[in-house]
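These are my notebook entries on one chain. I wrote down what I looked up and in which order.

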Amino acid sequence: MVNLTRIYTRTGDAGTTRLSNNEVADKTDPRVEAYGSTDETNSAIGLALTLDPDEKLRDALVIVQNELFDVGADLSNPVIADPQWEPLRVVQSSIDRLERWCDEFGEPLPSLRSFILPGGSPLAAQLHVARSLARRAERRAWEAVKVFGAEDGETEPHGGVSLLAVKYLNRLSDLLFNMARYANLIAAHDEVLWLPGGERNAEHAEQVAAQKASQAQ
């Protein structure tokens, strides 16, 4: 159990911190960047939960918030052989659940006719913020993999980054995209579709309208 009696420690004033295995690391270490970005994602989801999601969304997001702490713990703990204490790791079943939710939230959604601009209802817009932060967390995690190596559970570990933690962030961003669309659907709010530059041109739009009118005759 965590027992925090004082929030400030002054131990990070020199620009370093400790990973979960007590290893000293720079605060600019890509592993620190990865779990820090994961924390940002979690905070964005926390704000989304204040925007009155329905029960289905709320229940899933609460689980995701807890699992993002697991992701952060995993990213902050290099994978080694025979650790003294069993570390907290992301498990495949959590990723499988994200994929099931992605299918469930996506099932009632209309087919996409264009890319979607982040927006719509306040809840949907905030879920898009969380989605983009999850993407950034995944990119930071891949930067850590590039520096310290990947651990896939198939070979002898050598202190690298667990690929399951990175995979979780990838699937989460997909889920948050469908959740944002779902939030607009249940709010009866139209999705904001991307209009490419040529189509935003007034002359082009008039030409398209004239063409459609002639075809309708």
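Where is the place of Ala-188? I found Ala-188 in the loop between helix 5 and helix 6 (197-200). I took helices as DSSP runs of H or I with at least four residues, and strands as runs of E with at least two, numbered from the N terminus.

Before going on, I noted that this is a predicted model, in which local features need pLDDT of at least 70 and side-chain atom pairs count only at pLDDT 80 or more, while totals for chains, interfaces and linings use all residues. Residues are numbered from 1 along each chain as its sequence is written, and side-chain values use heavy atoms, with hydrogens and water left out.

**Entry: positive phi**

I looked up phi of Ala-188 and got a value near 55°, which is positive in a residue other than glycine. Ala-188 is exposed, with a relative accessible area of 71%. For this I used the cut-offs buried under 20% relative accessible area, exposed over 50%, and partly exposed in between (1.4 Å probe, protein chains only).

I then turned to Asp-52, in the loop between helix 1 and helix 2. Phi of Asp-52 is near 60°, also a positive value in a residue other than glycine. Asp-52 is exposed, with a relative accessible area of 68%.

**Entry: the core**

Which residues have the most contacts inside the largest nonpolar core? I listed Val-64, Leu-127, Tyr-168, Leu-172, Leu-175, Leu-176 and Met-179, in a core of 41 residues. Helix 1, helix 2 (55-75), helix 3 (92-106), helix 4 (122-148) and helix 5 (163-186) each supply at least two residues of this core. The largest share, eleven residues, comes from helix 5. A nonpolar core here is a set of buried Ala, Val, Leu, Ile, Met, Phe, Trp, Tyr and Cys residues joined through side-chain atoms within 4.5 Å. In soluble globular proteins, nonpolar side chains tend to be buried together.

I checked Leu-127 next. Leaving aside neighbours within four places in sequence, Leu-127 is in contact (heavy atoms within 4.5 Å) with Ala-48, Leu-61, Leu-176, Met-179, Ala-180 and Ala-183.

**Entry: Thr-38**

Is Thr-38 buried or exposed? Thr-38 is buried, with a relative accessible area of 2%. I placed Thr-38 in helix 1 (residues 30-48). Not counting residues up to four places away in sequence, Thr-38 touches Leu-68, Val-71, Gly-72, Leu-75, Ala-137 and Leu-169.

**Entry: rings**

I found two aromatic pairs in the structure. Phe-105 and Tyr-182 form an edge-to-face pair, 5.0 Å centre to centre with 80° between the planes. Phe-105 is in helix 3 and Tyr-182 in helix 5, 77 residues apart. Phe-105 is buried at 1% relative accessibility, and Tyr-182 is buried at 9%.

Phe-115 and Trp-194 form a tilted pair, 5.8 Å centre to centre with 50° between the planes. This pair links the loop between helix 3 and helix 4 with the loop between helix 5 and helix 6. Phe-115 is exposed at 61%, whereas Trp-194 is partly exposed at 38%. Rings of Phe, Tyr and Trp (its six-membered ring) pair if their centres lie within 6.5 Å; planes under 30 degrees apart count as stacked, over 60 as edge-to-face and the rest as tilted.

Last, I looked for charges over rings. The charged end of Lys-56 sits over the ring of Phe-105, 4.7 Å from its centre. The charged end of Arg-31 sits over the ring of Phe-148, 3.7 Å from its centre. The test is NZ of Lys or CZ of Arg within 6 Å of the ring centre and within 35 degrees of the ring normal.
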